Amino acid sequence: LTLENSLRRALDNNEFELHYQPLYDLRDRSITGLEALLRWKPRGGEYVPPVKFIAAAEESGLIVPIGEWALREALRQGKAWQSAGRPLLMAVNVSATQLARPGFGERLRRMLQETGIDPALVELEVTERVIVEGMGEARASLDQVAALGVGIAIDDFGTGYSGLAYLKRFPIDTVKIDQSFVRDITVDPDDAAIVTAIVAMAKSLGIDVVAEGVETEQQLEFLRRLGCNRAQGFFLSRPMAARDIEKLLGSPSSEA
Ligand code: G
Ligand code: G
Ligand code: MN
Ligand code: NA
């Protein structure tokens, strides 16, 4: 069986799941949102991480139905938590191929309506590739996403060689600093300088900043001192299944 055929079958057999990684406000270490991350669990097998199948899904075009399943499932879960008194930001990765497909904005509008989630609780994560190649349909899709009241985040920020002018030409709400800049931030002055510059620039443009890949307390403290107030990473929390997120959050009434 080719990988493409396996993925096709996985979709038919409902073998995809979403895990969720919490996003934190570093000032009080509260959870402000979640990033939905696709997982494939073949029947009777182990989880297959996205690095093993996203490329094949992109090449075959299967990323479109798989990504659409993931988006709908994330919105459904986000609405369930919204209704349970846990209105958290739900961040969903969307590939360039998905956005370039005509009708993306309309399908998103319908999913918002069907699930009933507050659009202000939804953010789509796109890479700079979307911007670089973002003439035509992808650009139109991003404008429609913004018009629906859904946020747009630039994922892996700083790795895309796309220049910076687009930050004011596109409706960008958030940049997510790529984990490659965070890894050595406490020991590499260049990385610290890059992160400092990103934070300052984003602040002056009114754009939110999230640092990715925080794996140590030292990195976290360093980021906080640089003025980066939001982060995610294994040190704070790993991606986990929905029921484990619920355990982590506890019941909203128990905190009142
Ligand atoms: O979970 P992990 O860090 O292994 O994810 C690896 C990559 O897979 C990330 O770059 C992420 O953007 C991508 N990815 C994860 N979930 C989804 C999804 O639901 N849709 C799309 N298009 N990409 C995803
Ligand atoms: O490209 P994107 O940012 O969407 O990818 C997110 C991926 O990063 C997920 O697969 C997630 O598992 C992974 N990730 C999240 N936190 C950390 C971390 O602290 N360290 C490392 N190495 N990977 C992380
Ligand atoms: Mn992401
Ligand atoms: Na990223």
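Colleague: In which loop is Asn 14 found?

Modeller: This is a predicted model, in which local features need pLDDT of at least 70, side-chain atom pairs count only at pLDDT 80 or more, and totals for chains, interfaces and linings use all residues. Residues are numbered from 1 along each chain as its sequence is written, and chains are lettered from A and ligands numbered from 1 in the order in which they are written. Helices (H or I, at least four residues) and strands (E, at least two) are DSSP runs, numbered from the N terminus. In these terms, the loop that holds Asn 14 lies between helix H1 (3-12) and strand S1 (16-25).

Colleague: Is Asn 14 buried or exposed?

Modeller: A residue is buried if 20 or more other C-beta atoms, placed from the backbone, lie within 10 Å of its own, exposed if 12 or fewer, and partly exposed in between. Asn 14 has 10 C-beta neighbours inside 10 Å, so it counts as exposed.

Colleague: What is the phi of Arg 29?

Modeller: Most residues other than glycine have a negative phi. Arg 29, in the loop between S1 and S2, has a positive value although it is a residue other than glycine. Its phi is near 55°.

Colleague: Which radius of gyration does the chain have?

Modeller: The radius is taken over C-alpha atoms, and the globule rule is 2.2 Å times the number of residues to the power 0.38. For 256 residues, a compact globule would have a value near 18 Å. The chain agrees with this, because its own radius of gyration is 18 Å.

Colleague: Which residues have the most contacts inside the largest nonpolar core?

Modeller: A nonpolar core is a set of buried Ala, Val, Leu, Ile, Met, Phe, Trp, Tyr and Cys residues joined through C-beta atoms within 7 Å. The largest one has 60 residues, and its largest share, six residues, comes from H3. Those with the most contacts inside the core are Ala 36, Met 90, Val 92, Val 175 and Ile 177.

Colleague: Which face of helix H11 do its buried residues line, and within what arc do they fall?

Modeller: The buried residues of H11 (residues 217-225) are Gln 219, Leu 220, Phe 222 and Leu 223. The arc is that of the directions from the helix axis to the C-beta atoms. On the other side of H11, Glu 217, Glu 221 and Arg 225 are exposed. Seen down the axis, the buried residues line one face of the helix, because they fall within an arc of 165°.

Colleague: Which element gives the most residues to the shell around ligand 1?

Modeller: A residue is near a molecule if its C-beta atom, placed from the backbone, lies within 6 Å of it. Of the 13 residues around ligand 1, Leu 37, Leu 38, Pro 50, Ala 70 and Asn 93 come nearest. Strand S2 (30-40) and helix H3 (63-83) are the elements that give two or more residues to this shell. The most, three residues, come from H3.

Colleague: How many charged residues does the shell around ligand 2 have?

Modeller: Of the 15 residues around ligand 2, Asn 93, Gly 213, Glu 215, Gly 233 and Phe 234 come nearest. Ala, Val, Leu, Ile, Met, Phe, Trp, Tyr, Cys and Pro count as nonpolar, Asp, Glu, Lys and Arg as charged, and the others, Gly among them, as polar. On this basis the shell around ligand 2 has four nonpolar and six polar residues, and the number of charged residues is five.
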